Amino acid sequence: MSRPAILAQLKRALLTEAGYRCAIPTCRGTSSLQFEHIDEWHKVKEHKFENMIILCANCHARVTSKEIHKDAIRKYKNNLAILTGRYTTAEWRLLDFILDNSPDAVDQNGKVRLRFPQSDQVTYYGLVKDGYIVFEHYKAGIAIGETVSNQIGIVFTQKGVELLQSYKNGQTIQKVDMG
Ligand SMILES: [Zn+2]
């Protein structure tokens with residue numbers, strides 16, 4: 001049986017799920033992205049969203065050589081589903097940003113060295129609601145022209161730091177009760 005092409009719609013869904021980056025949290029590379037079957041093609045003989053993931057060529061090779069185990073890939077896939085299903089793209093990018101810049105981006109008190117306009121509270125509200133971050137408020141932060149914009153800072157709670165570690169290590173991210 002010849003291997004059919006992966007449909008464009010499925011490719012897009014997989015790329016979107018992974019944020020157009022390698023799905024391995026310690027890598028998150030953006031070049032030479034490939035479509036990997038978690039259970040191998042010769043066993044499943046179908047292209048199915050649940051069984052596929054985006055990997056960069058480098059990580060793909062590490063999976064093929066079994067340096068990265070398939071069980072780990074399965075966990076990364078599960079975590080992606082939780083993160084993309086529950087949080088905004090901005091929230092998820094914040095987690096990636098911190099992992100990309102770790103440990104410099106977060107100080108010992110869990111504070112992220114970034115300030116956002118106060119209106120961004122809405123964007124990050126999912127992480128607040130689930131107890132992963134809290135806001136710090138700054139009065140009259142930067143002056144943009146004539147307008148002075150109040151700003152918020154972001155502080156990761158203990159639970160938030162644990163979320164980052166779980167995401168990075170591919171440990172199962174706890175599902176928060178929908179409330
Ligand atoms: Zn990679």
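**Exercise 1. Find how many salt bridges the rule gives across the interface of domain 1 and domain 2.**

Step 1: Start with the rule: a salt bridge is a side-chain nitrogen of Lys or Arg within 4 Å of a carboxyl oxygen of Asp or Glu.
Step 2: Apply it across the interface of domain 1 and domain 2, and you get 4 salt bridges.
Step 3: Now look at one pair, D100 and R21: their closest N and O atoms are 3.0 Å apart, and the pair forms a salt bridge.

A quick word on what you're looking at: this is a predicted model, where local features need pLDDT of at least 70 and side-chain atom pairs count only at pLDDT 80 or more, while totals for chains, interfaces and linings use all residues. Residues are numbered from 1 along each chain as its sequence is written, and side-chain values use heavy atoms, with hydrogens and water left out.

**Exercise 2. Work out where the two domains sit and which residues supply the buried area.**

Step 1: Check the spacing; their C-alpha centres lie 27 Å apart.
Step 2: Collect the residues in contact (heavy atoms within 4.5 Å). Domain 1 brings 14 residues and domain 2 brings 10 residues.
Step 3: Turn to buried area, the accessible area (1.4 Å probe) that two parts lose on being put together, summed over both. Here that comes to about 1,000 Å², with 54% of it from carbon and sulfur atoms.
Step 4: Pick out P25, L83 and R86, which supply 47% of what domain 1 buries against domain 2, more than any other three residues.

**Exercise 3. Describe the elements of the chain, then say how much of the chain is buried.**

Step 1: Count helices (H or I, at least four residues) and strands (E, at least two), which are DSSP runs numbered from the N terminus.
Step 2: Read them off from the N terminus on: α-β-α-β-α-α-α-β-α-β-β-α.
Step 3: Get the dimensions. Along its principal axes, the C-alpha trace spans about 65 × 35 × 30 Å.
Step 4: Use the cut-offs: buried is under 20% relative accessible area, exposed is over 50%, and partly exposed is in between (1.4 Å probe, protein chains only). Of the 179 residues, 39% count as buried.

Methods
Domains from an automatic or database assignment.
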